[in-house]
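My notes follow, entry by entry.

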Amino acid sequence: MLDAINAGWGWSGVVIATVHAVSPMGHMLLSDEMERYFYLDTDGMQLSPLGDKASAEAAMADPETLELWGGGELVRSARERLGAPAAGHVFTLAPMHWIDGDYSAEHMVVLPLTEVAFLSGDLAKQLRDLPDEAQVKIEVID
């Protein structure tokens with residue numbers, strides 16, 4: 001898992017050493033070797049610094065963060081439609097919807113967590129300098 005996170009997000013300058021928790025939607029609470037904590041919002045393609053352990057605990061206790069972490073109705077409807085994910089897999093939006101931001105229940109899929117971790121960082125790197133209105137063409141290459 002650490003290899004996938006660091007391969008996808010290494011461009012950010014952060015080297016993750018520990019995965020503390022994973023949400024049903026593949027969001028993660030992480031820390032580096034200096035015990036700085038980060039929130040990885042995979043479908044939002046953002047790695048956000050939280051600070052030290054106490055700051056991370058406070059951020060994770062925030063009701064808005066708890067709702068984002070749990071996935072709310074998206075996870076409930078995905079579980080009904082898709083069943084429980086296998087070990088090492090999570091619910092997430094189909095990756096094209098990470099880009100267009102369409103959080104509809106029918107766009108939920110189950111993917112391996114390692115792929116979600118890597119791809120979120122790889123896409124974030126490719127899209128980081130684009131304006132919000134930019135049109136994106138996705139090419140899948142084997």
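I found L40 standing opposite L47 in β4. For strands and helices I used DSSP runs numbered from the N terminus: strands are E, at least two residues, and helices are H or I, at least four. I took two strands as paired if DSSP finds at least two bridges between them.

The model is predicted, so I kept its limits in mind: local features need pLDDT of at least 70, side-chain atom pairs count only at pLDDT 80 or more, and totals for chains, interfaces and linings use all residues. Residues are numbered from 1 along each chain as its sequence is written, and side-chain values use heavy atoms, with hydrogens and water left out.

I then followed β3 both ways. Five bridges join β3 to strand β4 (residues 46-51), and the two run antiparallel. Their hairpin has four residues between the strands, and M45 there takes a positive phi near 55°.

On the other pairing, four bridges join β3 to strand β2 (residues 28-32), again antiparallel. L29 has Y39 of β3 as its bridge partner. The hairpin of β2 and β3 has four residues between the strands, with E35 at a positive phi near 60°.

Next I checked cover. Buried means under 20% relative accessible area, exposed over 50%, and partly exposed in between (1.4 Å probe, protein chains only). In β3 (residues 37-41), five of five residues are buried. One side carries Y37, Y39 and D41, the other F38 and L40.

**Helix α1**

I looked for buried residues in α1 (residues 2-9) and found A4, I5, G8 and W9. They fall within an arc of 105° seen down the axis, so they line one face of the helix. The arc is that of the directions from the helix axis to the C-beta atoms. These residues pack against β1 (16-22), β2, β3, β4 and α6 (113-127), where contact means heavy atoms within 4.5 Å.

**Salt bridges**

How many salt bridges does the whole structure hold? I found three, counting a side-chain nitrogen of Lys or Arg within 4 Å of a carboxyl oxygen of Asp or Glu.

- D32 and R36 have their closest N and O atoms 2.6 Å apart. D32 is buried at 5% relative accessibility; R36 is partly exposed at 41%.
- R76 and E73 come to 3.2 Å. Both lie in helix α4 (residues 72-82), three residues apart, about one turn of the helix. R76 is partly exposed at 48%.
- D129 and R128 come to 4.0 Å. D129 is exposed at 67%, and R128 is partly exposed at 45%.
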